[in-house]
Amino acid sequence: MREIGSKTSIMTGNEAVAEGVRLSKVGFISAYPITPQTTIVEKLAEMVANREISARYVEVESEHSAMAAVFASEIAGVRSYTATSSQGLLYMHEMLHWVAGQRLPIVMSVVNRAIGPPWNIWSDQSDSMNQKDTGWIQVYSESNQEAMDTLIMGYRIAEDSGVMLPFMSMEDAFILSHTSEQVAIPDQELVDEFLPEFRLGFKVDSDRPMGYGSYSTPDGPFMELKKDMMESMWKSANVIKKVTREFSEILGRDYGGLIEEYMTEGAEYILIASGTVASTAKYVAGKLRADGRKVGIIRIRYFRPFPAEDIVRATKDAAHIGVIDRSVSFGSGGTVFNEIRAALYGRSDIPVTGFVAGIGGRDVREEDIEEMINLMAAGKEGTVFINTRGDQ
Amino acid sequence: MLEVRFHGRGGQGAVTASKMLALASFLSGEYVISFPFFGTERRGAPVTAFTRIDTTPILLKTQVYNPDVVVVLDSKVMETVDVTAGMKPGSSLILNSPEAPEDLGLPYHVATVDATRIATDLGLGNRTNPIINTAMLGAFSKSTGLVDMTQIREAISEMSPSKADVNVSAAEKAYSSVRMGW
């Protein structure tokens, strides 16, 4: 591996993400600064004020407007960024479809927080899982370093001519966003080598007038445009793998691909999780392996495109699969659980159990992961809520 | 892996102390993670913060339930918060208190330091709200031997918003005056 030019220091997930935005040479940032906003944009506002980043920063009156503002800047050919969380993301929902449908490769950070009522500022994935059908690539990180690196990779992936889809990068509230750990900040020259300047082929240009977002009837190209989005999303899986490999060659950190497999070789029980819960699950699997229990973890990094093929391959020798969800589709099941079962349909007879845990920021502890493994070993199927209080 | 829990009140700097300890350990070549108890912070309300230190990357992302060391910035907090919760028989408790460790009658390794007096004498903060977090780090270094004063000094200098040299002096005074009951 080549010598990596970087400076390591201690910082929160939000600070690390802001560094990632700076290194990606973003030209336009828009955000709504009121709760549930994140300190990412606070840090970026400071960077803009101190001229550490030459971006235009525009404060708006709502998250819906923030997404509308980055839509406008991106279509004018400027690399753009915004961040939000929780109810703020829900308020953006309509614009998320417009950005994806217009094929604008905007990158956005989402700090995962619960959706009220009751009011709750803590971490779960209900906000971003509710956006899974908007046409955005979605990725979950487990460390501050990964959150920063993923943001930089995000622009490369989204702006790839075979993809041209927006990119949503998640960080667990508090557990990453407000937690300090070491992060290596790469030198700008290395990032420049990895991430070329942004050029938008169909940018708004008064010398070359074009129509955008016009009307389409049932006989028009509407349905074909949606089919093309689906195909681009599937194609993005290979682009993600290629870009992740190039990132490791230039910047020295290898995140594998759409999933991370941890101790899955010879594993009887495989737990599938994403975000920081997957990190804790890896820790517990290491301890259980030392006791001779054959436990492995699959960490889903990319939820869109859904890594169905990778999961079928990585679980094929397991006796039982468990899926941890930090969000639930009421009347159906855990969001990831449902997708895993769909991926395995007709290709595997392995039983799958859904575990709903960590809702509204309830800590997912070592004993909770152990309980999941024990329930799998006991042959429990269906959907199980973990660590709920009996009297509530 | 070493797990440390800090108790204090909003405004006393428990969260900063947890971060400074992480930085000092990082400067000593360790992997670290530092985080507050995620709640709604108010000045004067009990605050908890955590630091994990290890020789390998830290995967465990839960709160700290069984701390190896507990640091209490304000012994009055003990009236409403069970600061010993989850402590193991060999765990250490470092208290900001003018009392001798053996007078407290606690079944742990107890160390005491009069951090309030150190801070007041040095003019850190004011009499009603002295800044005692840096003194507690000096006491931590001496009583646990887990992180060297060289790195504690460096971390305080890097992270103090003002009066870095006075904060370093507070840590040094606490280092030389902490009393260990073991």
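**Close-up views of a predicted two-chain model**

View 1. Within α11(A), the residues Thr335(A), Val336(A), Phe337(A), Glu339(A) and Ile340(A) are buried, a residue being called buried if 20 or more other C-beta atoms lie within 10 Å of its own, exposed if 12 or fewer and partly exposed in between, with C-beta atoms placed from the backbone. The model is a predicted one, in which local features need pLDDT of at least 70 and side-chain atom pairs count only at pLDDT 80 or more, while totals for chains, interfaces and linings use all residues. Residues are numbered from 1 along each chain as its sequence is written, and chains are lettered from A and ligands numbered from 1 in the order in which they are written. Helices (H or I, at least four residues) and strands (E, at least two) are DSSP runs numbered from the N terminus. The axes of α10 (residues 308-315) and α11 (residues 335-344) of chain A come within 9 Å and cross at roughly 75°, where axes are lines fitted to C-alpha atoms, for helices over the stretch in contact, and angles run from 0 to 180 degrees between N-to-C directions. The helices α10(A) and α11(A) are therefore roughly perpendicular to each other (angles under 35 degrees count as roughly parallel, over 145 as roughly antiparallel, 65 to 115 as roughly perpendicular and the rest as oblique). Ala308(A), Ile311(A) and Val312(A) of α10(A) meet Ile340(A), Ala343(A) and Leu344(A) of α11(A) in this contact, two residues being in contact if their C-beta atoms, placed from the backbone, lie within 7 Å. Just after α11(A), Gly346(A) takes a positive phi of about 75°.

**View 2. The two domains of chain A.** Chain A is assigned domain 1 (6-251) and domain 2 (259-385), with bounds from an automatic or database domain assignment. The C-alpha centres of these domains of chain A lie 27 Å apart, and 25 residues of domain 1 are in contact with 19 residues of domain 2. On the side of domain 1 of chain A that touches domain 2, α8(A) gives the most, with five residues.

**View 3. The largest nonpolar core.** This core has 169 residues, and those with the most contacts inside it are Ile272(A), Val71(B), Ala135(B), Met136(B), Ala139(B) and Ala174(B); a nonpolar core is a set of buried Ala, Val, Leu, Ile, Met, Phe, Trp, Tyr and Cys residues joined through C-beta atoms within 7 Å. Its largest share, ten residues, comes from helix α1 (residues 14-27) of chain B. Domain 1 and domain 2 of chain A both give residues to this core, so it lies between them. Leaving aside neighbours within four places in sequence, the contacts of Ala139(B) include Ile94(B), Ala111(B) and Val178(B).

**View 4. Where chain A meets chain B.** Here 19 residues of chain A are in contact with 16 residues of chain B. On the side of chain A that touches chain B, the largest share, five residues, comes from α9(A).

**View 5. The surroundings of Ala16(A).** Ala16(A) is found in helix α1 (residues 13-23) of chain A and is buried, with 30 other C-beta atoms within 10 Å. Although Ala16(A) and Val183(A) are 167 residues apart in sequence, they are 7.1 Å apart in space, C-alpha to C-alpha. Beyond neighbours within four places in sequence, Ala16(A) is in contact with residues including Met11(A), Asn144(A), Met148(A) and Val183(A).
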